[in-house]
Amino acid sequence: MNFPWLTTIILFPIAASLLIPIVPDKDGKTVRWYALTVGLIDFALIVYAFYTQYDLSNPNLQLVESYAWVPQLDLNWSVGVDGLSMPLVLLTGFMTTLATLAAWPVTLKPKLFYFLMLAMYGGQIAVFAVQDMLLFFLVWELELIPVYLLLSIWGGKKRLYAATKFILYTAGGSLFILVAALAMAFYGDTVTFDMSAIAAKDYALNFQLLMYAAFLIAYGVKLPIIPLHTWLPDAHGEATAPVHMLLAGILLKMGGYALLRMNAGMLPDAHAVFAPALVILGVVNIIYAALTSFAQRNLKRKIAYSSISHMGFVLIGFASFTDLGTSGAMLQMISHGLIGASLFFLVGATYDRTHTLMLDEMGGVGQKMRKMFSMWTACSLASLALPGMSGFVAELMVFVGFATSDAYNPTFKVVVVFLAAVGVILTPIYLLSMLREIFYGPENKELVAHEALIDAEPREVFIIASLLVPIIGIGFYPKLVTQMYDATMVKLTARLRASVPTLALKTEDTAVPMALQQMMRAPVIGD
């Protein structure tokens, strides 16, 4: 029997978190080293399993494990990874380990804090690895509890409001996952919760459309898709730096991953119908969130809306029906995970020094915090998609992939590319203006004279450097990441493209909205 790599990787941090209450610790210093050590060990296991057990050329599930758990409910502990999930498992290990290091200043209930961080570590990896629909729903739900507690206990002044809003939005969306999962499991002659078996069923188009809409609502909350986004600025507005990093770096990617795995992978005919709507929603995300970010005076909310804007490119790439566009969407998720986490960490570090998040109260601190200024500049340039950074490559792949797609008529493609380009232009405007207001301009004499206004310490420099290395590395050599998922993406895109001519045979007697079909080119409606 092969070694259970994924089960070990998922359960190790959870088991380690259960030992935290017995860790001897009076001042909170021992438990943070314990949590960091656990995070490093688990990340090392992920890297080792990837380099020794994962075949880059294999598009199918690997490291597969399946054990009967609750046979009466046909609930199995079934895990496996492919190109859709392995990159995100690596990102989770990397980001959670850095977030644990970023949590060094936490002094309030440190044992509970690190317990939740480690429990969340295993839960997030489980979301990307499980291959049983019922188990997926359970780990999706269980992952919400640590986030809620981390927000409600260690957040800002409105932490209870933000945490409650987060749990209501995400738990409400989860109900759609459960209903759709049960409906798909019981569809047809066989009852199964195995994702591969569910994806292989021959669903009627109207049924696919209902299931797709349910999943889109659930995962649209997490991505987030406007207008299901309003929990995110509030959650980011009250979270601490390490929680910021997990929200931006991993939680938003759970929504994107699930859209690829379930909406596109299991319901390809419905995806062909909904694809134009995804493109439109992606453009709305890009433009609306960029304009809203431009108007924000609160630093956390400005970066939060910037995150929403960048995730719009993911939706456009998913709906491109091209290998390049879909690959670009996946790269954008990974890139944003790194860049978003770096910016939110810097927001937290800046707040620790200035004790304000309002841009109107900042200014002129560049001379006293030169290292901070350098890190802010580098990470902001990455966010605005400077060539040589990962964001540039990802967004360029989405643009070219969508522009070269033969699934849409030329007019629609031109309008989408133009509007998305407007969002790209808005990004440097609000980010560079933000830098100017923090570090340049008229000095706030009271702020500049504050004794807490010290430059970045080595721990903070190390965290940002650790994030900038892959950001720049991917920017110059994207194959570092794209080779992890290319084989799986080619297989998925081929299936999606094959569903378009199949859909033409199914639309005659269905209620498919013609407005959506008319955005699509042949063979959906013909030339």
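Student: Which helix holds histidine 236?
Tutor: This is a predicted model. In it, histidine 236 is found in helix 10.

Student: Is histidine 236 buried or exposed?
Tutor: Buried means under 20% relative accessible area. Histidine 236 has 0% relative accessibility, so histidine 236 counts as buried.

Student: Which residues is histidine 236 in contact with, leaving aside its neighbours within four places in sequence?
Tutor: Contact means heavy atoms within 4.5 Å. With those neighbours set aside, the partners of histidine 236 are His244, Leu247, Ala248, Lys300, Ala304 and Phe344.

Student: Which residues lie nearest the centre of the largest pocket?
Tutor: The largest pocket has a volume of about 860 Å³. Its lining counts 37 residues. Nearest the centre lie Ala239, Thr240, Lys300, Tyr351 and Asp352.

Student: Which helix gives the most to the lining of the largest pocket?
Tutor: Helix 7, helix 10, helix 11, helix 13, helix 14 and helix 19 each supply at least two residues. The top contribution is six residues, and it comes from helix 14.

Student: How many charged residues are in the lining of the second largest pocket?
Tutor: This pocket has a volume of about 500 Å³. Of its 19 lining residues, Leu90, Pro470, Leu480, Val481 and Met484 lie nearest the centre. Helix 2, helix 3, helix 14, helix 19 and helix 20 each give two or more residues to this lining. By class there are 17 nonpolar residues, two polar and, for charged, none.

Student: Are helix 2 and helix 4 roughly parallel or roughly antiparallel?
Tutor: Their axes come within 9 Å and cross at roughly 10 degrees. Angles under 35 degrees count as roughly parallel. Helix 2 and helix 4 are therefore roughly parallel.

Student: Which residues of helix 4 meet helix 2?
Tutor: Helix 2 brings Val31, Arg32, Tyr34, Ala35, Val38, Gly39, Asp42, Phe43 and Ile46. By class, this contact has 11 nonpolar, one polar and three charged residues. On the helix 4 side are Pro110, Lys111, Tyr114, Leu118, Tyr121 and Ile125.

Student: Which helices do the buried residues of helix 6 pack against?
Tutor: Helix 6 spans residues 144–154. Its buried residues are Leu144, Pro146, Val147, Leu150, Leu151, Ser152 and Trp154. They pack against helix 4, helix 5, helix 7, helix 9, helix 10 and helix 11.

Technical notes: Residues numbered from 1 in each chain as written. Predicted model: local features only at pLDDT ≥ 70, side-chain atom pairs only at ≥ 80, totals over all residues. Heavy atoms only, no water. Axes fitted to C-alpha atoms, helices over the stretch in contact; angles between N-to-C directions. Helix = DSSP H or I, 4+ residues; strand = E, 2+ residues; numbered from the N terminus. Parallel < 35°, antiparallel > 145°, perpendicular 65-115°, else oblique. Nonpolar A, V, L, I, M, F, W, Y, C, P; charged D, E, K, R; others polar. Buried < 20%, exposed > 50% of the residue type's maximum accessible area, 1.4 Å probe, protein only. 1 Å grid on protein atoms, 1.4 Å probe; cavity = no way out; pocket = protein on both sides within 12 Å on 5 of 7 lines; lining within 4 Å. Points joined across faces, edges and corners; volume = space filled by probe spheres on them.
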